[in-house]
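Reader: Can we go through this structure together? I am new to this.

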Amino acid sequence: MWFKNLYLLRLSSDFDLTPEALHEALESKPFLGCGNELREASGWVSPFGRNNEQLVLATNGCMLLTLAHQEKLLPASVVREELDTLVADIEEKEARKIGKREKQDLRDEIEFELLPKAFTRTKKMDAWLDLPNGWMIINSSSNTPAERLTHLLRNTLGSLPVAPPKTDMSPAVLMTQWLADDHTLPAPFTLGEACELKGQGEAKSVATFKRHELMAEEVQANLAAGKTVSKLALIWADKISFVLTEDLGVRQVRFLDVLADNLKDADPQSRAEKLDIEFTLMTGEVTLMLADLMQCFTAEPEPEPA
């Protein structure tokens, strides 16, 4: 269950919720699937998998929850083919042209008839609430699925006071400084082997480097030409590698061998115990990493006048 992406949201400091209250709230909107008539449906399932009624895993102030989203696979090409055939038949039999509004009504009827026969696809997405440190973290690399989860959780709880994290300094500007001079990158962070650089002005050229020495001449030449960093691979404390984006997204997260060794030493005896240990290890390390990361973007306070 190791998160591959960290979609970061800040929780309001006055937001308070116990694991028991969260579990009870999630029970009100369980995942039921699309059925015959719905095109898509979302609901809450157990992080522990099927045949488990526990909807929240709580440890050290962090609470893990899981969204299931199901959608019917009804290709537009199939609907269009059925519609074209039906329209042609009507126009031929009734010797008239089908108007735009009537065509839309026919399309809706076709979709209604085909939905019960369509295949379904179900995806799960995890998130955790870290109330002591004020974070909500979603295992997503894009806005749409993350917003689906926050929308349902807001409806489930009645309110969800979250907002994107604020920084005193632009991530793009600071990452560009780090890449131009790796001595400016604060410990315990080190450079990884990937970056994306964007040109300014009308050209908007993009240079991407993967598995590459980032202090190499060709990378630095792009910086000298005026490009700025939009993505940068970093390693935190030799424990977590990730790609930081200009909108403060944390992507392609990998938990390195030191954490895998900790899990092996714990020797879990069941799937539930393994999940609990993984979640404890992950949240503990990510919390420390985020504290270090956000400190990078916090401006130093002005010294008080003597």
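Author: What follows is a short talk about two residues in a model. This is a predicted model, where local features need pLDDT of at least 70 and side-chain atom pairs count only at pLDDT 80 or more, while totals for chains, interfaces and linings use all residues. Residues are numbered from 1 along each chain as its sequence is written, and side-chain values use heavy atoms, with hydrogens and water left out.

Reader: OK. Where is histidine 69?

Author: Histidine 69 is in strand 4, residues 62-73 (strands are DSSP runs of E, at least two residues, numbered from the N terminus).

Reader: Buried or exposed?

Author: Histidine 69 is buried, because its relative accessible area is 9% (buried means under 20%, exposed over 50%, partly exposed in between, with a 1.4 Å probe and protein chains only).

Reader: What does the side chain of histidine 69 make a polar contact with?

Author: The side chain of serine 42, at 2.6 Å. A polar contact is a pair of N or O atoms within 3.5 Å; within protein, one must be able to donate a hydrogen and the other to accept it, and residues adjacent in sequence count only if both atoms are side-chain atoms.

Reader: Switching topic: which helix holds threonine 287?

Author: Threonine 287 lies in helix 8, residues 271-296 (helices are DSSP runs of H or I, at least four residues).

Reader: And why does threonine 287 count as buried?

Author: Because its relative accessibility is 18%.

Reader: Which side chain does threonine 287 pair with?

Author: The side chain of threonine 287 makes a polar contact with that of aspartate 130, at 3.4 Å. The threonine 287 side chain also reaches the backbone oxygen of threonine 283 at 2.7 Å.
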